[in-house]
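Colleague: Hi! Could you walk me through this model?
Modeller: Happy to, here it is.

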Amino acid sequence: MKVHVDMNLCQAHGECVFAAPDVFELHDDDSLTWVEEVGEDRRAAVEQAAQVCPMMAIRLEG
Amino acid sequence: MRIVVVGASLAGLRAAQALRSAGHAGELFVVGDEQRLPYTRPPLSKELLAGAHTVEQCDFPCDELDVTWRLGAAAAALDRDAKAVVLADGERIAYDRLIVATGCRARTWTGPGAELAGLHTLRDIDDTLALRRELEAGSRKVAVVGAGFVGAEVAATARGLGLDVTLIDVAPHPLLPLGPLLGERCAQLHRDRGVELKLATGVKGFRGKGAQGGAAGARGPAGGSAAAAAGAASATADGAPAAATPGAADAGSGARPTADRVAAVVLDDGSEVAADVVVVALGALPNTEWLAGSGLTLDPGLVCDATLTSVDDPDVLCAGDATSWPHPLADGATIRVEHWTNAAEQGAAAARNALAPAAERTPYAAAPYFWSDQYDVKIQAVGLPGRAERIELLEESPEGDRLVAVGVRDGKVIAAVAFNAVRRLAWYRRQLADPPSFEQVAAAVAADDRALGAPSGVGR
């Protein structure tokens with residue numbers, strides 16, 4: 001499954017980091033990085049991350 | 001099994017989505033009183049009001065969701081004996097499980113001047129579009145009554161559009177739940193950008209242009225005192241259209257020919273704040289009146305147990321702003337949370353519990369998270385700052401533009417609030433799963449060289 005984050009929308013709320021800490025990471029400058037290809041075992045956590053993103057910036061593919 | 005979700009905003013949508021992804025293959029109804037499909041509300045006081053976002057950008061993607069929508073259909077009653085939701089038009093929708101997600105509505109002004117054109121509340125897209133039209137139509141002076149999150153955000157947005165803005169609240173500082181220290185920081189944000197603040201100031205009512213010799217009087221300086229207050233009172237008689245008020249005829253052009261238009265906010269000392277447009281932002285009330293005859297306990301939220309299940313009926317669950325449920329950060333007292341993330345998470349949690357037998361449902365105990373964007377500052381909070389006995393500043397950048405403070409009750413940290421410091425807030429948020437003492441948190445922060453303001457130590 002591919003994880004897309006629209007960085008034009010992202011406002012660094014950090015909700016995704018709480019939902020899926022092994023996929024999303026916030027850095028000291030409040031920038032976000034994430035694992036772009038994740039396994040099926042992370043689906044629930046990443047779906048949760050997408051659902052709690054206040055900016056609807058996270059899109060999942062596959 | 002048929003599941004009915006009443007409420008078609010965020011909590012209702014997330015409930016419906018979670019029901020389907022958890023495998024509910026039976027019937028699923030979602031009832032909403034607005035005509036629109038679900039949309040996200042945070043931009044309504046900011047990007048949509050500013051014209052930076054379109055209405056379509058607020059829409060939640062829900063095309064692929066397999067539900068039977070009943071939009072433009074307010075729920076009027078709940079018949080628990082028959083297990084049916086009764087809609088305003090008389091339609092009855094039977095349910096096996098019911099998820100109440102009716103949320104809140106804006107509290108309106110009912111005092112003097114309530115009938116005047118130019119008074120707005122802000123809760124749904126139509127509210128925002130109506131306010132935006134007036135701001136774009138040349139209104140120059142905006143008065144915002146209520147300096148909570150919506151009021152403060154609207155004030156910031158209107159100021160960003162270059163309008164003259166006065167922000168009024170009976171409380172001594174904005175954002176009351178965040179306490180005086182952070183409230184004063186917020187007040188300063190607004191002052192620095194040219195918003196006039198009138199704090200610790202009550203509002204007696206609103207005066208129309210027709211109430212004091214027509215538009216010329218309305219444009220005069222504040223200070224009409226007793227005469228203005230009397231004018232405000234007379235303009236409201238029975239809430240009748242002010243066409244009956246002498247001098248109101250000149251307000252007869254434009255979209256609302258029968259209504260006098262607001263000219264000023266009348267403060268409790270009788271002085272006035274001139275305003276072409278008023279935004280009344282006095283908080284929200286849960287939409288639970290339709291449950292009044294159902295026998296379910298209301299406070300006025302729908303009172304639930306820790307699993308978001310009604311304390312009176314295992315087939316009725318609740319999610320979002322209308323939910324009163326016991327929270328561990330409140331020592332098991334019931335709370336109601338009117339924030340986006342709570343609605344999103346509770347919708348999904350209530351859905352999962354609705355599919356489980358009552359004995360196998362799981363508590364919803366996440367620490368509430370909320371945010372507010374004002375100018376270039378993102379205020380973020382976790383936990384229950386409104387229940388804190390005191391707010392202590394623990395971190396601050398040397399420039400003073402970023403900070404973290406904690407809310408303390410009974411010696412425990414039950415909340416953290418950050419200004420432009422999301423990465424730092426994440427650490428505090430993890431601590432709230434098992435609330436530590438203030439001393440523990442203060443010591444950990446003092447020893448953390450990544451804390452704002454380190455290594456010089458905590459910024460108290």
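Colleague: What share of the 460 residues of chain B count as buried?
Modeller: That comes to 52%. A residue is buried if 20 or more other C-beta atoms, placed from the backbone, lie within 10 Å of its own. Keep in mind that this is a predicted model, where local features need pLDDT of at least 70, side-chain atom pairs count only at pLDDT 80 or more, and totals for chains, interfaces and linings use all residues. Residues are numbered from 1 along each chain as its sequence is written, while chains are lettered from A and ligands numbered from 1 in the order in which they are written.

Colleague: Thanks! How many helices and strands are there in chain B?
Modeller: Chain B has 10 helices and 26 strands. These are DSSP runs, numbered from the N terminus: H or I with at least four residues for helices, E with at least two for strands.

Colleague: And how is chain B divided into domains?
Modeller: Domain 1 takes 3-105 + 284-360, domain 2 takes 119-280 and domain 3 takes 376-446. The bounds come from an automatic or database domain assignment. Between the C-alpha centres of domain 1 and domain 3 of chain B there are 31 Å.

Colleague: Which annotation covers residues 369-444 of chain B?
Modeller: The unreviewed UniProt entry has "domain: Reductase C-terminal" there; such annotations may be inferred rather than shown by experiment. Residues 369-444 of chain B are 22% helix and 46% strand, with the end C-alpha atoms 22 Å apart.

Colleague: Let's look at α9 of chain B. Which of its residues are buried?
Modeller: In α9 (residues 422-431) they are B:Val422, B:Arg424, B:Leu425, B:Tyr428 and B:Arg429. Seen down the axis of α9(B), the buried residues fall within an arc of 145° (from the directions from the helix axis to the C-beta atoms), so they line one face of the helix.

Colleague: What covers them?
Modeller: The cover includes β23 (377-383), β24 (390-396), β25 (403-409) and β26 (412-419) of chain B, together with α1 (15-19) and β2 (24-26) of chain A.

Colleague: How many residues does the contact take from each chain?
Modeller: It takes 15 from chain A and 16 from chain B, where contact puts C-beta atoms, placed from the backbone, within 7 Å. On the side of chain A that touches chain B, α1(A) gives the most, with 3 residues.

Colleague: Last one: why is α8(B) largely enclosed?
Modeller: Because 15 of its 15 residues are buried.

Conventions. A residue is buried if 20 or more other C-beta atoms lie within 10 Å of its own, exposed if 12 or fewer, and partly exposed in between; C-beta atoms are placed from the backbone. Two residues are in contact if their C-beta atoms, placed from the backbone, lie within 7 Å.
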